[in-house]
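Good morning, and thank you for coming. I would ask everyone to look at the sequence and the structure on the screen, and I shall then go through some of the details.

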Amino acid sequence: MKPVKILSVDDETDLELLLTQYFRRQIRKGDYQFFFAHNGLEALTMLLKEKDIDIILSDINMPEMDGLTLLTKINELQNPALKCIMVSAYGDMSNIRSAMNNGAFDFATKPIDLDDLSVTIEKAIQQIEYIKQSQEEHSQLESLKTDLAVAGEIQQAILPRIFPPFPENEHELDLAATMIPAKDVGGDFYDFFRIDDDHIGLVIADVSGKGVPAAIFMAVSRTLIRTIALQGFEPGVCLTKSNELLSKESIDSMFVTVFYAIYDIRTGELAYCNGGHNAPYILKANGSVEMMPLSTNCMVGAIDDWQFQSAKAQLGVGDTLVLYTDGVNEAFNADFQEYGEERMEQLLRQQSGKDCRSLIDAQMNDVKAYAGDAPQSDDITIMALKRKA
């Protein structure tokens with residue numbers, strides 16, 4: 001443990017002997033380390049040399065620079081962990097009051113009662129330790145906030161962000177997506193990738209929990225699902241294999257709801273597997289909205305040896321598949337009322353004929369308007385794919 005560094009500032013050299021004699025045990029044990037200056041100018045020079053002085057014991061009346069001026073200079077350092085104890089004659093209460101009003105920690109009167117001074121120094125040390133601990137915690141918090149901000153940027157960077165993603169098929173399909181985390185980092189993710197010339201994979205998922213643990217599980221889940229999917233497995237097999245790996249490695253029983261689909265660009269056929277995720281919508285070309293069947297599979301990573309089942313759906317020309325996480329339908333307003341599926345379906349009907357980006361923006365804006373001043377309670381992710389030909 002580092003010694004408490006005390007700077008005594010007094011033009012009376014006898015005080016040096018008194019302090020070193022009285023505190024000899026603390027000095028010998030390495031608890032205290034004393035430094036001495038004879039006026040304010042010498043004290044400032046000492047502070048430049050010894051930047052970790054903890055306590056300044058300063059006389060008020062000194063030549064060249066008095067204690068009150070020194071106190072003003074010390075205040076300019078803006079170091080709340082540096083404590084000043086002012087010393088003056090008992091009859092000099094006016095200057096002592098000025099010192100206290102200008103931020104001195106405490107005072108002592110001459111002739112100094114060293115027993116009383118010892119108690120005052122101990123009080124100052126307690127304050128210094130508290131302030132340093134608070135400063136360290138604040139520094140750690142700022143560092144954590146910086147790390148979280150960087151993690152959030154990395155998380156956004158690993159999600160596909162180039163739209164349109166398949167320009168060679170731009171006349172056949174439209175695709176857009178967005179993810180807005182509730183905190184610095186989130187547990188939602190979306191993904192899309194080309195499997196072969198005629199098929200693309202679509203993934204939307206929501207990890208249980210929030211914050212850093214969910215973000216880490218999200219990154220692992222996305223990597224596993226994409227890696228397995230790119231091997232060409234049909235959706236049910238892909239989620240079965242992903243579940244085998246995630247359920248064995250899951251910590252604190254974390255899981256992820258996943259909707260994974262393979263879209264046939266030529267025919268509009270959708271082979272999919274819903275692993276405990278929200279049922280997507282299909283916005284028909286005629287403006288009607290159809291909810292796809294609810295999931296009959298469990299969440300991915302929740303139960304060992306679960307055999308996930310695939311299903312099929314068909315997109316007609318002009319139809320739009322809308323995938324989302326429960327941050328949309330379960331968004332709350334200031335009265336703790338949910339946004340709900342009915343309001344979402346109404347909004348989707350109004351987007352008939354719109355491109356995917358416009359549809360997503362309209363949905364996000366409607367959720368935001370509904371929530372008002374209520375804080376975002378969950379990650380919000382939406383992905384839309386429209387068959388154009």
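**A walk through the predicted model**

Let us begin with strand β4, residues 83–89, which is mostly covered, as six of its seven residues are buried. Please keep in mind that this is a predicted model. Strand β4 has strand β3, residues 55–59, as a partner: the two run parallel and are joined by five bridges.

The loop between α4, residues 67–75, and β4 contains Gln78. What is the phi of Gln78? It is near 50 degrees, a positive value in a residue other than glycine. Gln78 is also exposed, because its relative accessible area of 69% is over the 50% cut-off.

A second residue with positive phi is Phe336, where the angle is near 60 degrees. Phe336 is found in the loop between α9, residues 326–329, and α10. Its relative accessible area is 69%, and Phe336 is therefore classed as exposed.

I turn now to Lys5, which belongs to strand β1, residues 4–9. Is Lys5 buried or exposed? Its relative accessible area is 12%, which is under 20%, so Lys5 counts as buried. The side chain of Lys5 makes a polar contact with the side chain of Glu50, at 3.2 Å. Among the other residues that Lys5 touches are Gln33, Phe35 and Asp52.

Arg97, by contrast, is exposed, with a relative accessible area of 55%. Arg97 has its place in helix α5, residues 93–101. The C-alpha atoms of Arg97 and Leu202 are separated by 73 Å, and these residues are 105 apart along the chain.

Next, the open sheet. Its five strands follow the order β6-β15-β14-β11-β12, and the pairing is antiparallel. Which strands stand at the edges? They are β6, residues 173–180, and β12, residues 289–291; each has a single partner strand, so one side of each is left without a neighbour in the sheet. On average, neighbouring strands of this sheet are turned by 15 degrees against each other, direction ignored.

The partner of β6 is strand β15, residues 380–387, and eight bridges join these two antiparallel strands. Within this pairing, Leu173 has Arg387 as its bridge partner in β15. Helix α10, residues 340–349, packs on the sheet and touches β11, β12 and β14. The direction of helix α10 makes about 25 degrees with that of β11.

Two peptide bonds also deserve attention. Lys110 and Pro111 are joined by a cis peptide bond, with omega at about -5 degrees. Pro111 lies in the loop between β5 and α6. The peptide bond from Phe163 to Pro164 is cis as well, with omega near -5 degrees. Pro164 is found in the loop between α6 and β6.

Finally, the empty space. Rolling a probe the size of a water molecule over the atoms shows where empty space is left. The largest pocket has a volume of about 290 Å³. Of the 17 residues that line this pocket, the closest to its centre are Val367, Lys368, Ala371, Gln376 and Ile380. Which helix gives the most to the lining? It is helix α11, residues 356–371, with five residues.

Technical notes: Residues numbered from 1 in each chain as written. Predicted model: local features only at pLDDT ≥ 70, side-chain atom pairs only at ≥ 80, totals over all residues. Heavy atoms only, no water. Helix = DSSP H or I, 4+ residues; strand = E, 2+ residues; numbered from the N terminus. Buried < 20%, exposed > 50% of the residue type's maximum accessible area, 1.4 Å probe, protein only. Polar contact = N/O pair within 3.5 Å; in protein donor to acceptor, adjacent residues only side chain to side chain. Contact = heavy atoms within 4.5 Å. Pairing = 2+ DSSP bridges. Axes fitted to C-alpha atoms, helices over the stretch in contact; angles between N-to-C directions. 1 Å grid on protein atoms, 1.4 Å probe; cavity = no way out; pocket = protein on both sides within 12 Å on 5 of 7 lines; lining within 4 Å. Points joined across faces, edges and corners; volume = space filled by probe spheres on them. Lists of a residue's contacts leave out its neighbours within four places in sequence.
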